[in-house]
Amino acid sequence: LILIHHNKDHIKVQNYFHICKKNSNFAQNYRVMTKCLVIDSDLSLSTVLCDYLDSRGYRSQHVGSGKKAIEMMGLEHFDVVIMELQGLETNGFELLRELRHRDSLLPLIVLTARTEREAQMRAFQLGCDDYLTKPFSMDILIYRIEAILRRARIHQESRQRLFELNGHLFDSTHQTFDGLH
């Protein structure tokens, strides 16, 4: 998230995360809402899960089919996807493969009743970031979401610190230009 401040003399662009580190009041008052997409055909569980996520400060949305999930991913950005492998009108593994293909960095959490080792291995091979089996603890799910988002944010920040200009590399963290200070 980038914030742009301007007055009559200059325009200043700041990365939200750097502002939060410097000003904890700003971070507390302007928390970025993490958007979660829940993909599960079980409406009652999904409703409880979305209500819990919303109560913990997330913005969640539920879809009950793989087709609807692909449609929503084309319309909106989600910070994390929580998905069931079974019960959807499409094969859950194929949906997982498609979601990973569309966004290689999107955090994907499989939350499923499938406990067999082969299903877990296949889900990880197809690109899931975490795999939880039902029944599960809502609190543990939150901790896992936070851990995955923390790693994704660190990866994103490290990618954003390097810029190329006319064939020269600039590292904004170390304030170097082609290795020179």
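Predicted model: local features only at pLDDT ≥ 70, side-chain atom pairs only at ≥ 80, totals over all residues.
Entry 1, S46. I looked up S46 and found it in helix α3, which spans residues 43-55. S46 has a relative accessible area of 1%, so I put it down as buried, the limit being under 20%. Its side chain makes a polar contact with the side chain of H62 at 3.2 Å. With neighbours within four places in sequence left aside, I noted V38, D40 and H62 as contacts of S46.

I took helix α4 (residues 66-75) against helix α5 (residues 92-102): the axes come within 11 Å and cross at roughly 10°. From α4, the residues G66, I70 and M73 meet L95, E98, L99 and R102 of α5. I sorted this contact by class into 4 nonpolar, 1 polar and 2 charged residues.

I have 11 salt bridges on the count. One of them joins the side chains of E76 and K35, at 2.7 Å from N to O. E76 is in the loop between α4 and β5 and K35 is in strand β3, so this pair ties together parts 41 residues apart in sequence. I noted K35 as buried at 15% relative accessible area, and E76 as partly exposed at 28%.

Within helix α4, E71 and K68 sit 3 residues apart, about one turn, and their side chains form a salt bridge at 3.3 Å, N to O. E71 is partly exposed at 40%, as is K68 at 34%.

I also logged R114 with E116, at 2.6 Å from N to O. Elsewhere, salt bridges with shared partners join D40, E84 and K134 into one network.

Key:
Residues numbered from 1 in each chain as written. Heavy atoms only, no water. Helix = DSSP H or I, 4+ residues; strand = E, 2+ residues; numbered from the N terminus. Buried < 20%, exposed > 50% of the residue type's maximum accessible area, 1.4 Å probe, protein only. Polar contact = N/O pair within 3.5 Å; in protein donor to acceptor, adjacent residues only side chain to side chain. Contact = heavy atoms within 4.5 Å. Axes fitted to C-alpha atoms, helices over the stretch in contact; angles between N-to-C directions. Nonpolar A, V, L, I, M, F, W, Y, C, P; charged D, E, K, R; others polar. Salt bridge = Lys/Arg side-chain N within 4 Å of Asp/Glu carboxyl O.
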